[in-house]
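Okay, everyone, thanks for coming. Let me put today's model up on the screen.

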Amino acid sequence: MVDTSDEWIMSRVGIKERRILKEDGLGTSFMASIAVQRLLKATHTDPSEVQMLVCHTVTPDMVFTATSNIICDKCGIKNAWGFDTNAGCSGFLFTFETIRRFIETGQYRKIIIVCGERMSSIVNYEDRTTCPLFGDAAVALMIEPSEDPSLGFQDSILHVDGIGRRYLYQTAGGSLYPASHDNVDKRMHFIHQEGQGVFKYAVVNMADVSEEMMKRHNLTADDIAYLVPHQANLRIIDATARRMGLPKEKVLINIERFGNTAGTSIPLAIWDFKSRFKKGDNLILSAFGAGFTWGSIFYRWAY
Ligand code: UT7
């Protein structure tokens with residue numbers, strides 16, 4: 001479709017395959033509902049037990065109703081409330097930090113975070129600077145209180161800087177540029193990324209925040225079981241791992257098979273590699289994304 005090559009994509013980014021939801025008439029909630037249904041089954045949870053469901057997405061089914069509502073409806077979750085969050089590729093980190101606060105109140109014992117993106121719905125397949133990068137995915141996680149406070153969520157460091165809106169955005173379809181023939185003609189309803197600009201911020205900030213988390217908790221590379229990074233570019237991941245002093249085998253990478261799935265990429269890596277985790281393993285989850293948003297979570301595997 002565009003003038004590109006496997007060699008360019010592999011050497012600059014590191015992607016071989018992506019998953020694309022091709023069928024018309026299916027949005028993010030289609031994939032997200034399947035993920036939630038599988039989660040309910042795997043955790044032997046009746047839908048009535050779920051108290052809250054939060055959906056992170058930059059590709060909601062519609063501007064409103066919230067996609068979280070649609071997912072609850074499709075999954076028969078009737079006793080919960082919830083909402084959508086939108087923090088670009090750092091979305092899982094921002095949502096997890098929010099949800100752990102609800103858990104800490106003691107009033108919530110079962111909250112679902114579901115991250116879903118139909119990135120293919122906002123990609124311009126005539127734009128070679130973005131179309132090889134993004135893939136579709138959905139992952140659901142059950143968040144519950146830990147009986148042992150030394151396990152589970154330990155700490156977070158999160159940041160935003162609105163300068164990012166000049167580098168990575170989808171302008172049309174919101175209140176600033178409501179849908180119009182003119183906007184569509186100008187391709188404003190598609191994702192636009194100034195790759196090099198984003199790269200420069202990403203490569204420094206993701207490494208900085210990960211190192212800051214290590215210093216704050218006196219963690220050495222030996223103390224860390226795995227880095228679970230946002231999967232936008234292998235070179236950004238490598239730079240973060242280098243700064244942290246981590247060997248290759250401690251860095252979880254699946255960008256080759258899924259591409260950049262935005263805020264879904266960290267839970268997707270957790271799902272993909274969770275058979276490797278042992279109770280008590282220290283994980284550092286780090287991301288950088290549109291906004292700009294970036295951050296790091298220190299999580300001790302609790303299962
Ligand atoms: O997940 C949210 C946050 N996003 C990120 O963190 C992404 C950060 N940015 C990146 O990962 C990289 O900037 C990209 C992968 C998007 C692009 O890689 P790059 O090394 O920064 O490439 P570039 O934009 O500087 O382009 C280099 C050259 C240009 O050609 P000239 O001007 O040197 O002749 C582009 O036109 O590569 C060309 N190019 C391509 N060539 C073949 C751009 N896209 C392609 C392509 N195939 N698909």
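Predicted model: local features only at pLDDT ≥ 70, side-chain atom pairs only at ≥ 80, totals over all residues.

Numbering starts from 1 along each chain as its sequence is written.

So, we have nine helices and ten strands, meaning DSSP runs numbered from the N terminus, H or I of at least four residues for helices and E of at least two for strands. The radius of gyration is 19 Å, close to the 19 Å from the globule rule for 303 residues, so the protein is as compact as a globular protein of that length. That's taken over C-alpha atoms, and the rule is 2.2 Å times the number of residues to the power 0.38.

Now the core. The largest nonpolar one has 82 residues, and L53, L227 and V228 are among those with the most contacts inside it. Such a core is a set of buried Ala, Val, Leu, Ile, Met, Phe, Trp, Tyr and Cys residues joined through C-beta atoms within 7 Å; buried means 20 or more other C-beta atoms within 10 Å, with C-beta atoms placed from the backbone.

Which way do the residues of β8 point? Y226 and V228 go one way, L227 and P229 the other, and all are buried. β8 pairs with β9, residues 282–289, in the parallel sense over four bridges; pairing takes at least two DSSP bridges. V228 has L285 as its bridge partner in β9.

Methods
Buried ≥ 20, exposed ≤ 12 C-beta atoms within 10 Å, placed from the backbone.
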